[in-house]
Amino acid sequence: MIATILGAFRIGEIRNKILFTAGILALYRLGTHIPAPGISQAAVSQIQNSLSGNNILGLLNLFSGGGLGRIALFALGIMPYITASIILQLLQVVVPSLEKLSKEGEVGQARITQYTRYLTVALAFAQAIGYVFLFRSFQKSAGAGQNLIPNFNLAKVFIIVISLTAGTVLLMWMGELITQRGIGNGISLLIFASIVSRIPSGVSSWWNNPNQVFKVTMPFIALAVVAAIVFVQEGQRRIPIQYAKRVIGRRMTQGGQTYLPLRVNMAGVIPVIFAASVMAIPPTVGQLIGQNRRGFATDLATFFSPQSWHYVLGEAILIVLFTYFYTAVTFNPVDQADNLKKYGGFIPGVRPGRPTAEFLDRILARLTFPGALFLAAIAALPTLLISQTGANFFFGGTSILIVIGVALDTMKQLEAQLMMRNYEGFLK
């Protein structure tokens with residue numbers, strides 16, 4: 001692996017892409033430490049103390065790389081863009097005009113991307129307003145001598161909200177730059193950097209845990225979970241495909257045999273992100289409306305706390321549903337059967353056309369079910385460990401899945417770049 005990395009750095013083009021990606025990620029980490037204008041840094045420490053005891057905001061703080069607790073320029077992170085992408089993907093199924101755009105190739109995808117950006121700005125603006133007033137209520141309840149926003153007025157709130165919204169838009173642009181000129185998917189790498197930046201705090205929490213049994217067994221559990229995730233993420237069912245001889249003009253193409261890979265977890269980590277985003281809505285809205293006061297909104301936020309069994313059960317159910325939904329969106333058995341029939345391919349023992357589509361749909365349904373259960377189990381496992389051991393290890397299953405999934409995807413892209421130049425990659 002070391003030889004492969006050194007080989008990648010010897011190639012100027014790949015070296016520039018890696019350095020460009022690292023530079024953008026470094027700028028992102030810098031932005032999570034630059035405070036938003038008009039924020040009192042003396043009061044921010046009070047906010048962080050309130051944030052550490054708040055489950056849902058602590059989870060959102062993890063995905064922002066700690067920027068939310070500091071009320072930095074990148075406090076909102078890239079989550080508004082992800083939420084907007086989820087909404088647009090769901091709308092493509094129910095809105096005929098958006099579904100038509102999605103099938104128009106690059107022009108349609110560019111229009112959908114434009115709609116996603118507009119929706120991201122609106123969501124970030126609304127979210128920034130809610131967070132400003134929520135954190136101000138936390139600061140009031142703490143009884144601190146310093147105000148979060150000195151001389152609180154409409155002009156200062158507007159400046160802070162615009163700054164946080166602009167930070168999200170800048171992150172969205174930086175993620176697209178990484179995708180175009182760097183290595184890997186930019187948006188995923190930004191989330192990856194946010195989660196990885198919190199590893200030292202997680203390791204410190206594990207090391208200072210008074211439960212000695214947990215301290216000894218946790219590294220082995222973590223290794224087993226990582227190995228299981230990699231095994232399932234890379235697992236696939238290979239459907240044999242036979243191509244008959246064809247006459248094209250004056251040439252006869254030679255028939256051959258290949259396979260159609262159907263992955264056990266074809267949806268990747270998207271269902272987990274979808275489920276976490278949906279389950280975060282009730283407690284977040286409850287916190288924003290309740291403003292740290294007793295009432296229905298606060299009770300709703302407590303009921304759907306990430307450490308409660310209601311949250312875990314709801315997230316597991318949504319993960320299973322979204323896994324089937326996203327698999328159906330990304331893989332259409334009817335289209336695959338039509339393409340095989342068009343190019344003279346068939347599955348041995350299965351007639352072309354509709355029987356092939358039914359065969360692929362049946363195989364895909366059987367593969368998706370264990371994959372969905374696996375994702376739900378991994379997402380719920382850290383919460384169960386925390387409830388049983390009392391450990392303050394705040395890396396949930398969603399975080400682990402995202403980190404491993406992004407790492408595998410980036411590694412494959414780097415391997416593809418190396419294979420084009422006759423270098424061996426990571427995967428054998």
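User: How many aromatic pairs does a search of the whole structure find?
Analyst: One aromatic pair turns up. Rings of Phe, Tyr and Trp (its six-membered ring) pair if their centres lie within 6.5 Å; planes under 30 degrees apart count as stacked, over 60 as edge-to-face and the rest as tilted. Before going on: this is a predicted model, where local features need pLDDT of at least 70, side-chain atom pairs count only at pLDDT 80 or more, and totals for chains, interfaces and linings use all residues. Residues are numbered from 1 along each chain as its sequence is written, and side-chain values use heavy atoms, with hydrogens and water left out.

User: OK, and why is the pair of Tyr-28 and Phe-74 called stacked?
Analyst: The ring centres of Tyr-28 and Phe-74 are 6.0 Å apart and their planes are at 25 degrees, so the pair is stacked.

User: Where do Tyr-28 and Phe-74 lie?
Analyst: Tyr-28 is in helix α2 (residues 12–31) and Phe-74 is in the loop between α5 (67–70) and α6, so the pair ties together parts that are 46 residues apart in sequence. Helices (H or I, at least four residues) and strands (E, at least two) are DSSP runs, numbered from the N terminus.

User: Does Tyr-28 count as buried or exposed? And Phe-74, buried or exposed?
Analyst: Tyr-28 counts as buried, at 1% relative accessibility. Phe-74 counts as buried too, at 6%. Buried means under 20% relative accessible area, exposed over 50%, and partly exposed in between (1.4 Å probe, protein chains only).

User: What about Ile-71, what is its phi?
Analyst: Phi of Ile-71 is near 50 degrees, which is a positive value in a residue other than glycine. Ile-71 is in the loop between α5 and α6, and it is buried, with a relative accessible area of 5%.

User: Switching topic: which residues line the largest cavity?
Analyst: Among them are Ile-39, Leu-68, Ile-71, Ala-75, Tyr-131 and Phe-135. By class, the lining has 12 nonpolar, no polar and no charged residues. Here Ala, Val, Leu, Ile, Met, Phe, Trp, Tyr, Cys and Pro count as nonpolar, Asp, Glu, Lys and Arg as charged, and the others, Gly among them, as polar. Helix α8 gives the most to this lining, with three residues.

User: How much space lies in the largest cavity?
Analyst: About 70 Å³. On a 1 Å grid over the protein atoms alone, a cavity is a set of points where a 1.4 Å probe fits but cannot get out, and a pocket is an open set with protein on both sides within 12 Å along at least five of seven lines; lining residues have an atom within 4 Å of a point. Grid points are joined across faces, edges and corners, and a volume is the space filled by probe spheres set on the points.

User: How many cavities of 30 Å³ or more are there?
Analyst: Two. The second largest cavity has about 50 Å³ of space, and its lining includes Leu-60, Ser-64, Met-79 and Gln-127. That lining divides into six nonpolar, two polar and no charged residues.

User: And the largest pocket, how much space is in there?
Analyst: About 1600 Å³. Of the 47 residues that line the largest pocket, Ser-85, Gln-89, Asn-185, Ile-270 and Tyr-326 are the closest to its centre. Helix α6 (residues 79–94) supplies the largest share of the lining, eight residues. By class, the lining has 22 nonpolar, 17 polar and eight charged residues.

User: Now sheets. In what order do the three strands of the open sheet come?
Analyst: The order is β4-β1-β5, and the pairing is antiparallel. β4 (257–263) and β5 (345–346) stand at the edges with a single partner strand each, so one side of each has no neighbour in the sheet. Two strands pair if DSSP finds at least two bridges between them. β1 (residues 236–243) and β5 pair over two bridges, and Gln-242 has Phe-346 in β5 as its bridge partner.

User: Which residues is Ile-239 in contact with?
Analyst: Ile-239 lies in strand β1. Leaving aside neighbours within four places in sequence, its contacts include Thr-258, Leu-260, Ile-347 and Phe-359. Contact means heavy atoms within 4.5 Å. Ile-239 counts as buried, at 1% relative accessibility.

User: Last one: how many helices and strands does the protein have?
Analyst: The protein has 18 helices and five strands. Of its 428 residues, 45% count as buried.
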